[in-house]
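Please open the structure in your viewer and keep the selection tool at hand.

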Amino acid sequence: MNKVFNINLGGIVFTIDDVAFEKLNNYINKLKTHFANTQGAKDIIMDIEARMAELISGKLPNPSAIVNETIISEIIIVMGDVNELDDEDTSERKQTTEQKTSNEFHNTNKLRRDLNNKVLAGVCSGIANYFEIDPTLVRVIFLIVFFIFGSGGLLYIILWVVMKPMEESDQLSLNSQNKKHLFRDTDDKVLGGICSGIAIYIGLDAVWVRLFFALSFFGFGFGFIVYVVLWIVVPKALTPTQKLQMKGNPIDVSNIEREVKNTFNQAKQNAPKVANEVKSFAGNATHAIIEIAGAVINAFGKIFAVALLLLGIIGIILTAFLYFGISKGAFIKEFLNMCIDDGTVLNIIKSGILLIVSATLLSIIISAFRLLFNLKFKKRPIYSILSLISFTGFALLIYGGIKYGNSVKTKSTFTQNISVEKHDTLYLISTKKELDNENISIVTDDDGISFSMSDEGILQQTQKLKIRKSFSDSVFIEVKKSSHGYTKSDALSFAEKINYNILSQDSTITFDQGIFIPKNGKWKYPDVKMTLNIPVGTILKIDDGVKEMLNRNKFNENEYSGKIFIMTEKGLKCLDNSPDLNEKDDDDDININWSFFESDSTDTGIHVFTKKKKVIIENGNKTEVEEKRFGPFHLKIERHKKDEN
Amino acid sequence: MNIENTKAQMKKGILEYCILSIISRGEVYASDIIEELKNSKMIVVEGTLYPLLTRLKNDELLSYQWVESNSGPPRKYFQLTIEGKRILKELSETWNELVIAVNRTTKKK
């Protein structure tokens with residue numbers, strides 16, 4: 001049987017048993033005598049009482065439970081013996097016993113999410129705590145699993161839900177462990193503090209690690225990936241505790257003292273002076289190299305940051321200009337207007353682009369600032385807001401894109417035939433329409449496809465021309481105009497409206513140089529495909545623009561390298577500049593002996609030299625003139641002049 | 001040489017610096033300070049803190065106010081006075097210099 005008392009300790013009422021009360025009372029009385037001569041003794045006692053009350057209530061299973069002697073003994077150990085209190089002269093002995101007790105109390109391993117040491121939800125570090133390994137290792141494994149198998153993310157979420165967060169008591173015990181952990185050392189950083197963190201972990205100077213990383217950036221490239229992964233995975237050493245854990249030993253005074261002692265001992269045992277000086281010289285030299293390397297790397301980082309900053313600012317200015325149509329670059333906006341009918345879809349796509357661009361630019365600028373000035377504001381909320389913004393932008397873009405795709409899902413083709421007066425020689429020429437104040441021009445070299453835009457509209461040079469043998473005796477051009485739209489009739493009406501003209505006058509056919517869509521028109525993937533049908537024996541003379549149209553047909557067997565052609569039974573043959581025909585000397589193959597091996601094109605006509613004959617073709621009349629056995633023949637084809645007819 | 005005395009002297013100044021810097025991060029009450037100091041192994045027994053806090057308060061580096069708490073009696077929340085901030089800054093500079101100096105001295109090969 002035990003007597004119990006109700007006491008008021010630091011404002012909390014406890015029920016305490018006889019023996020415990022005696023012990024507590026004794027302790028407090030000792031404190032009072034101890035601090036009797038100290039200024040503010042009353043305050044000190046009050047504070048200690050309050051803390052003890054707090055500790056006791058933490059140990060009680062419920063508020064009305066009876067405080068017993070064990071609890072009081074534990075509390076007194078935590079608070080410290082009276083003699084220890086006024087100066088921190090705790091001896092090694094006391095420290096070790098204290099550590100033992102605290103470990104005994106707390107060292108129960110539970111699988112809990114470690115919120116103190118988290119990147120996302122503390123799952124990885126919780127697992128690491130459970131298996132007593134470094135969290136970074138677990139994170140790297142998770143990331144690998146995530147990328148390779150894709151299941152890591154799901155696993156992580158499941159664990160997130162299943163694992164409880166760690167309780168305070170567990171945190172205490174974990175934090176008190178003196179294990180060495182890999183942290184990013186943000187006090188000594190160039191980028192993310194990875195290198196210095198690793199350096200501390202393996203006990204090297206940070207510069208060597210940085211040098212290694214810098215080399216691997218340039219040399220192998222994978223260093224960059226490794227760095228980024230580590231940046232994500234390795235936590236920052238934020239709290240003093242983490243900084244201590246990073247170094248693997250507590251910065252308590254005994255450690256500092258030990259180090260001082262070691263130095264003294266070393267100094268005593270030091271080698272003779274000369275050796276010493278040599279050593280220190282070598283040391284200084286190494287130190288200087290390290291410092292220079294560090295400065296260079298640092299400068300590199302700063303330059304990088306400045307470049308980033310400039311990029312971001314220029315980007316923002318450009319975006320603003322584009323968006324408000326101030327600069328010439330407003331063509332993007334114009335182009336969007338011409339592409340998209342639906343105003344809502346247009347606005348959705350525009351705002352999507354704006355969101356993505358601005359979020360990207362802002363994060364570039366923020367990173368640049370952080371690099372430049374080593375700013376240490378909380379980055380997580382800012383970056384999550386920015387990624388939310390760009391995510392929204394992407395969502396809008398995808399939605400708008402689907403809507404737009406739907407509005408151009410059908411293609412229709414409008415066909416018409418243009419008949420051309422029959423001539424033995426046809427001149428195919430193209431107009432030279434150029435846009436004034438061209439804003440942008442995209443040209444592909446190989447097939448002469450070009451796409452330019454100005455304030456007037458779009459000039460698209462994609463039209464293709466094929467030349468085929470006509471089965472009848474007539475000459476005609478089949479023109480296929482195609483366009484896209486929501487429905488077939490929709491697309492057809494767009495196709496009909498395509499502004500592409502072919503003018504046939506006499507023996508000259510004039511093609512527009514490109515498909516022109518004025519600014520107020522709609523651009524729905526317009527295209528024009530033409531087929532010129534000519535009877536066998538017709539000679540064609542083309543200009544550069546037409547040559548391009550011919551060569552845009554990707555699947556042509558021979559490229560149209562020359563400018564004069566003749567239609568044969570077997571198809572179109574090039575009369576000038578054709579390597580195929582130069583090598584072949586087969587008379588039966590073609591109607592006339594066109595075994596040319598040299599040609600010349602002048603203003604007045606075309607001179608073609610053959611081995612056997614001279615042929616003059618004039619106003620559609622074909623005349624074989626002469627046959628000579630020596631030297632090359634001179635073939636003269638008079639250029640057809642319109643005004644003479 | 002009285003090694004115990006040296007140790008005590010060393011630890012005393014550093015402990016004050018630590019306490020001031022914990023309080024500088026925002027208002028805290030005694031148990032918060034204890035938590036941090038224990039985590040970082042700056043103190044072993046809790047009782048040490050209270051005389052120090054009182055002394056810092058008497059030196060007018062700290063002030064406190066009572067704040068009602070949901071669980072239990074009101075708590076003393078500490079904050080730095082202007083003088084406290086000044087001292088902290090000075091201590092911080094000294095500490096950084098000291099760390100560099102000690103490192104330089106002890107790490108020299």
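Select B:Lys76 and display its surroundings. Beyond its neighbours within four places in sequence, B:Lys76 is in contact (heavy atoms within 4.5 Å) with A:Asp43, A:Asp47, B:Val28, B:Tyr29, B:Ala30, B:Tyr64, B:Gln65 and B:Trp66. This is a predicted model, in which local features need pLDDT of at least 70, side-chain atom pairs count only at pLDDT 80 or more, and totals for chains, interfaces and linings use all residues. Residues are numbered from 1 along each chain as its sequence is written, chains are lettered from A and ligands numbered from 1 in the order in which they are written, and side-chain values use heavy atoms, with hydrogens and water left out.

B:Lys76 belongs to strand 3 (residues 75–80) of chain B; helices (H or I, at least four residues) and strands (E, at least two) are DSSP runs, numbered from the N terminus. Is B:Lys76 buried or exposed? Its relative accessibility is 8%, so B:Lys76 counts as buried. Buried means under 20% relative accessible area, exposed over 50%, and partly exposed in between (1.4 Å probe, protein chains only). The side chains of B:Lys76 and A:Asp47 are joined by a polar contact of 2.8 Å. Such a contact is a pair of N or O atoms within 3.5 Å; within protein, one must be able to donate a hydrogen and the other to accept it, and residues adjacent in sequence count only if both atoms are side-chain atoms.

Next, select helix 2 (residues 41–59) of chain A. Its 19 residues should span 27 Å at 1.5 Å a residue, which agrees with the 27 Å between its end C-alpha atoms; the expected span is 1.5 Å times one less than the number of residues. Buried residues of helix 2 of chain A include A:Asp43, A:Asp47 and A:Arg51.

Now turn to the salt bridges, each a side-chain nitrogen of Lys or Arg within 4 Å of a carboxyl oxygen of Asp or Glu. Side chains of opposite charge can pair when their charged atoms come close. Select A:Glu54 and B:Arg75, which form a salt bridge with their closest N and O atoms 3.9 Å apart. A:Glu54 lies in helix 2 of chain A and B:Arg75 in strand 3 of chain B, so the pair joins two chains.

Within chain B, select B:Arg55 and B:Glu16, whose side chains meet in a salt bridge (2.1 Å, N to O). B:Arg55 lies in helix 3 (residues 49–58) of chain B and B:Glu16 in helix 1 (residues 3–24) of chain B, so the pair ties together parts that are 39 residues apart in sequence. B:Arg55 is partly exposed, at 33% relative accessible area, whereas B:Glu16 counts as buried at 18%.

Proceed to B:Ile19. Together with B:Ile33 and B:Leu37, B:Ile19 has the most contacts inside the largest nonpolar core, which has 55 residues. A nonpolar core is a set of buried Ala, Val, Leu, Ile, Met, Phe, Trp, Tyr and Cys residues joined through side-chain atoms within 4.5 Å. Another core, of 41 residues, lies apart from it; among its members are A:Leu336 and A:Phe511.

Finally, colour chain A by pLDDT, the predictor's confidence in each residue, from 0 to 100. Chain A averages 71, and 63% of the residues score at least 70. Select residues 87–108 of chain A, where the pLDDT is below 50.
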